[in-house]
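Q: I've got a model open and want a quick walk through it. Can we start with the ground rules?

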Amino acid sequence: MAKRYWLMKSEEDVYSIRDLEREGTTTWEGVRNYEARNLMRDHMRVGDGVLFYHSNANPPGVAGLATVSRAGYPDHFAFDRGSRYHDPKSDPDEPRWFMVDLAFQEAFPEVVSLERIKAMPELGQMALLDRARLSVQPVSKEEFQLIRKMGRRRKDGR
DNA sequence: GCCAACGTTGGC
DNA sequence: GCCAACGTTGGC
C-alpha cells in the first residue's frame with residue numbers, strides 16, 4: 001500500500017519534537033475528536049510520514065518529522081480512571097478512542113511557521129488552514145515534500 | 001488572556 | 001431531531 005502522509009499537532013510545552021527526539025518513540029494518546037480518531041484507527045499505517053506540528057508555540061508551525069511506528073490500537077488511557085484522558089464512556093470491549101505510536105525522524109533546524117505555510121500558494125489546500133482545530137489531518141505527498149524541503153533549509157540559506 | 005471557530009451535550 | 005449552552009482548541 002502506498003505510503004500516506006499526515007500532520008499531527010502537539011502543544012509545544014506539553015510534548016515537543018525535542019521530547020520525541022530524546023525518547024525515540026512515543027504513544028499518541030488523548031485524541032478525543034472523532035474525525036481524528038477515524039484517521040488513526042482506519043487509515044494510518046506503519047511507515048507513514050508525519051509532519052510534527054507545534055501548536056501554542058511561538059511561532060506555531062511544523063517542527064520536524066516522525067513516522068508511524070504502530071498503527072491504530074485502542075487508547076487504553078481512556079480506561080484509566082487516574083488518567084487525564086479517562087473517558088468513562090470508552091470500554092475495553094468496545095473502545096471509543098484509538099491511538100498510534102510515532103518514531104522520531106528529524107527535527108528541522110528552523111520551524112516551518114504557520115505564517116510561511118499560509119504564504120505558499122502550493123499549500124493553500126492544507127486542512128491546517130481551514131480545519132484549524134483538527135489535530136490529526138491528512139497531507140498530500142506534495143505538501144509533505146515541500147514542507148520537508150522548507151524545513152531542511154534555513155531561511156538564511158545555510 | 002482573549003475570543004472565534006467548532007464539536008458535543010442535553011433539554012425539549 | 002433541533003438548537004442553545006457549553007467546553008475545547010489554538011492563533012493572536
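A: Start with one term: a residue is near a molecule or strand if one of its heavy atoms lies within 4 Å of it. This is a predicted model, where local features need pLDDT of at least 70, side-chain atom pairs count only at pLDDT 80 or more, and totals for chains, interfaces and linings use all residues. Residues are numbered from 1 along each chain as its sequence is written, chains are lettered from A and ligands numbered from 1 in the order in which they are written, and side-chain values use heavy atoms, with hydrogens and water left out.

Q: OK, DNA strand C. What part of its atoms within 4 Å of the protein belongs to sugar or phosphate?

A: 63% of them; the rest belong to bases.

Q: Which residues are around DNA strand C?

A: Lys9, Tyr53, Ser55, Asn56, Pro60, Leu114, Lys118, Ala132 and Arg133. By class, that surface has four nonpolar, two polar and three charged residues. Here Ala, Val, Leu, Ile, Met, Phe, Trp, Tyr, Cys and Pro count as nonpolar, Asp, Glu, Lys and Arg as charged, and the others, Gly among them, as polar.

Q: And which atoms of Tyr53, Asn56 and Arg133 come into it?

A: Tyr53 puts a polar side-chain atom 2.8 Å from a phosphate oxygen of DNA strand C. Arg133 goes to a base: a side-chain N or O atom is 2.2 Å from a base oxygen of DNA strand C. A polar contact is a pair of N or O atoms within 3.5 Å; within protein, one must be able to donate a hydrogen and the other to accept it, and residues adjacent in sequence count only if both atoms are side-chain atoms.

Q: Which elements give two or more residues to that surface?

A: β3 (49-55) and α3 (114-119). Helices (H or I, at least four residues) and strands (E, at least two) are DSSP runs, numbered from the N terminus.

Q: Now DNA strand B. What's around it?

A: Tyr34, Lys89, Asp130, Arg131 and Arg133. Sugar and phosphate make up 56% of the DNA strand B atoms within 4 Å of the protein. The surface there has one nonpolar, no polar and four charged residues.

Q: What do Lys89, Arg131 and Arg133 reach on DNA strand B?

A: Lys89 has a polar side-chain atom 3.3 Å from a phosphate oxygen. Arg131 has a side-chain N or O atom 3.5 Å from a phosphate oxygen. For Arg133, a side-chain N or O atom is 3.5 Å from a base nitrogen.

Q: Switching topic. How many aromatic pairs are there in the whole structure?

A: Three. Rings of Phe, Tyr and Trp (its six-membered ring) pair if their centres lie within 6.5 Å; planes under 30 degrees apart count as stacked, over 60 as edge-to-face and the rest as tilted. One of the pairs is Tyr5 with Phe144, tilted, at 4.5 Å centre to centre and 40 degrees between the planes.

Q: Where do Tyr5 and Phe144 sit in the chain?

A: Tyr5 is in strand β1 (residues 5-11) and Phe144 in helix α5 (residues 141-152). The pair links distant parts of the chain, 139 residues apart. Both residues are buried. Buried means under 20% relative accessible area, exposed over 50%, partly exposed in between (1.4 Å probe, protein chains only).

Q: And how are Trp28 and Phe52 arranged?

A: Edge-to-face, with 5.6 Å between centres and 85 degrees between planes. Trp28 lies in the loop between β2 (25-27) and α2 (34-42) and Phe52 in strand β3, so the pair ties together parts 24 residues apart in sequence. Trp28 and Phe52 are buried.

Q: Which ring has the charged end of Arg70 over it?

A: Tyr73, with the charged end 3.4 Å from the ring centre. Arg41 lies over the face of Phe98, 5.9 Å from the ring centre. A charge sits over a ring if NZ of Lys or CZ of Arg is within 6 Å of the ring centre and within 35 degrees of the ring normal.

Q: Last one: is Ser83 buried or exposed?

A: Buried, at 14% relative accessibility. Ser83 is in the loop between β4 (61-74) and β5 (98-113). The Ser83 side chain reaches the backbone nitrogen of Tyr85 at 2.9 Å.
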